[in-house]
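Colleague: I have the sequence and the fold open on my screen. Could you walk me through the charged pairs, and then a helix and a pocket?

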Amino acid sequence: MTLSIADLCDMHSADAEFQIAESIFQSFGAKPRFSGQISTTKVFEDNVIIRKLLEQKVSNRVLVIDGGGSRRCALIGADMASTACKNGWQGIIIYGCIRDSDEINKLSIGIRALHTHPLKSHKKGTGETGCTCVFAGTHFKTDHYLYADNDGIIVSKNSLT
């Protein structure tokens, strides 16, 4: 991604399929600017499905996780973030929490999450993938495009670069 989020907003904000996410996320990882096609999952305090997705080899993908906004446990830790890096994920958006933030901040991945929490999640395997996730005033849909930098997150049906 060569253009900043601000530049993309200036150029495309009138487009019908263009959305700007509310500024509710904290930035983690050593890659503050990232973009890619979206893959989605919806879980609640359970990260089994997330692990399975991050173990898949991908190219130019961003995982969007609707964790229900829970701040009672972490959905991603350093091990899963490292797996994501190794398998080609560009970034992860989490409507929930992470843990191991000091370790994650050394990894070459961009992560946005609500906050940190030291407790790991449950391991029941419940949730769904390929669904529309709605949070931060935005509809995140599989195969749409996501762009993130320190100024924010935007989503578009079509590629903007």
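**Charged pairs and their surroundings**

Modeller: Happy to! By the rule used here, there are three salt bridges. Please keep in mind that this is a predicted model.

Colleague: Which residue forms a salt bridge with Asp-149?

Modeller: Asp-149 lies in strand β11, and its partner sits in the loop between β2 (26-28) and β3 (34-42), so the pair ties together parts that are 116 residues apart in sequence. The closest N and O atoms are 3.8 Å apart, and the partner is Arg-33.

Colleague: Is Arg-72, in its salt bridge with Glu-45, buried or exposed?

Modeller: The side chains of Glu-45 and Arg-72 meet at 2.7 Å, N to O. Glu-45 counts as buried, with 8% relative accessibility. Arg-72 has a relative accessible area of 54%, and the cut-off for that class is over 50%, so Arg-72 is exposed.

Colleague: Where do the buried residues of helix α1 lie?

Modeller: In α1 (residues 5-12), the buried residues are Ile-5, Leu-8, Cys-9 and His-12. Seen down the helix axis, they fall within an arc of 100 degrees, so they line one face of the helix.

Colleague: And how many charged residues are in the lining of the largest pocket?

Modeller: The largest pocket, about 190 Å³ in volume, is lined by 15 residues, with Asn-47, Arg-51, Met-80, Arg-99 and Lys-123 nearest its centre. By class, the lining has six nonpolar and three polar residues, and the charged ones number six.

Key:
Residues are numbered from 1 along each chain as its sequence is written. This is a predicted model: local features need pLDDT of at least 70, side-chain atom pairs count only at pLDDT 80 or more; totals for chains, interfaces and linings use all residues. Side-chain values use heavy atoms; hydrogens and water are left out. Buried means under 20% relative accessible area, exposed over 50%, partly exposed in between (1.4 Å probe, protein chains only). Helices (H or I, at least four residues) and strands (E, at least two) are DSSP runs, numbered from the N terminus. The arc is that of the directions from the helix axis to the C-beta atoms. On a 1 Å grid over the protein atoms alone, a cavity is a set of points where a 1.4 Å probe fits but cannot get out, and a pocket is an open set with protein on both sides within 12 Å along at least five of seven lines; lining residues have an atom within 4 Å of a point. Grid points are joined across faces, edges and corners, and a volume is the space filled by probe spheres set on the points. Ala, Val, Leu, Ile, Met, Phe, Trp, Tyr, Cys and Pro count as nonpolar, Asp, Glu, Lys and Arg as charged, and the others, Gly among them, as polar. A salt bridge is a side-chain nitrogen of Lys or Arg within 4 Å of a carboxyl oxygen of Asp or Glu.
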